[in-house]
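Here are my notes on this one, point by point. Have the structure open while you go through them.

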Amino acid sequence: MNRISIAACLGAVLLVSGCASSGNTSIRHETSESIDQKIHDDQTTKEQVRTMFGDPLNTSFTDSGHEIWKYDFVTSHANGTNFIPYYGAFSSGSHGQQKSLTIIFNKDVVWHHTLSSSAVKSHQGL
């Protein structure tokens, strides 16, 4: 192999090895607008939500007894500096996006819903 091929292979390996995701993949490509087209307050039922997104990651209740379902999805990518010899050993991190879909039910019907999305970062080391 020539040097260009080796460099290209190494670059491809570094790009692929630096990605991770976790959570409910059913909301991976959702936006606030797409969620609003699928979920309608005072109309959409629990079974319809379960059919669209599966079982929630977390359930809880409000003080007034309304059930809350929460779906989360996180993607993260390793920072490029993680792969610099010596530097990466002392300072590493990642960056990505987190989405949270929260649905509050009044009995078996959606009362309120929201999808939030925010950038997330982590850093370890010096």
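1. For the chain as a whole the mean pLDDT is 83, and 77% of the residues reach 70 or more.

2. Some ground rules. This is a predicted model, so local features need pLDDT of at least 70 and side-chain atom pairs count only at pLDDT 80 or more, while totals for chains, interfaces and linings use all residues. Residues are numbered from 1 along each chain as its sequence is written, and side-chain values use heavy atoms, with hydrogens and water left out.

3. Now the layout. The chain has four helices and five strands, taken as DSSP runs and numbered from the N terminus (helices are H or I with at least four residues, strands are E with at least two). Reading from the N terminus, the order is α-β-α-α-β-β-α-β-β. Of the 126 residues, 26% count as buried, where buried means under 20% relative accessible area, exposed means over 50% and partly exposed is in between (1.4 Å probe, protein chains only). Among contacts between residues at least 6 apart in sequence, 57% join residues at least 24 apart.

4. Which strands does β3 pair with by way of five and four bridges? Strand β1 (residues 19-23) runs antiparallel to β3, with five bridges between them; strands count as paired if DSSP finds at least two bridges between them. In that pairing, S22 has V74 of β3 as its bridge partner. Strand β2 (residues 58-61) is antiparallel to β3 as well, through four bridges, and T59 stands opposite W69 there. β2 and β3 form a hairpin with five residues between them, and G65 in the turn has a positive phi of about 95°.

5. E67 deserves a look. This residue lies in strand β3 (residues 67-78) and counts as buried, at 17% relative accessibility. Its side chain makes a polar contact of 2.3 Å with that of K46. For that term, the cut-off is a pair of N or O atoms within 3.5 Å; within protein, one must be able to donate a hydrogen and the other to accept it, and residues adjacent in sequence count only if both atoms are side-chain atoms. Leaving aside residues up to four places away in sequence, E67 touches K46, T59, S60, F61, I103, I104 and F105.

6. K46 shows up again at an aromatic ring. It lies over the face of F105, 5.6 Å from the ring centre. The criterion is NZ of Lys or CZ of Arg within 6 Å of the ring centre and within 35 degrees of the ring normal.

7. On to the aromatic pairs: how many does a search of the whole structure find? There are two. Rings of Phe, Tyr and Trp (its six-membered ring) pair if their centres lie within 6.5 Å, with planes under 30 degrees apart counted as stacked, over 60 as edge-to-face and the rest as tilted. F53 and Y71 have ring centres 5.9 Å apart and planes at 55°, so this pair is tilted. F53 lies in helix α3 (residues 46-53) and Y71 in strand β3, so the pair ties together parts 18 residues apart in sequence. F53 and Y71 are both buried.

8. W69 and F105 make an edge-to-face pair, at 4.8 Å centre to centre and 65° between the planes. Since W69 lies in strand β3 and F105 in strand β4 (residues 91-106), this pair ties together parts 36 residues apart in sequence. W69 and F105 are buried too.

9. Two backbone angles to check. Most residues other than glycine have a negative phi. D42, in the loop between α2 (32-38) and α3, has a positive phi near 65° and is exposed at 59% relative accessibility. K107, in the loop between β4 and β5 (109-125), has a positive phi of about 65° and is exposed, with a relative accessible area of 73%.

10. Last, A119 in strand β5. At 63% relative accessibility, A119 counts as exposed. A119 and H95 are 24 residues apart in sequence and 7.4 Å apart in space, C-alpha to C-alpha. Not counting residues up to four places away in sequence, A119 touches G96 and Q97.

Notes:
pLDDT is the predictor's confidence in each residue, from 0 to 100. Contact means heavy atoms within 4.5 Å.
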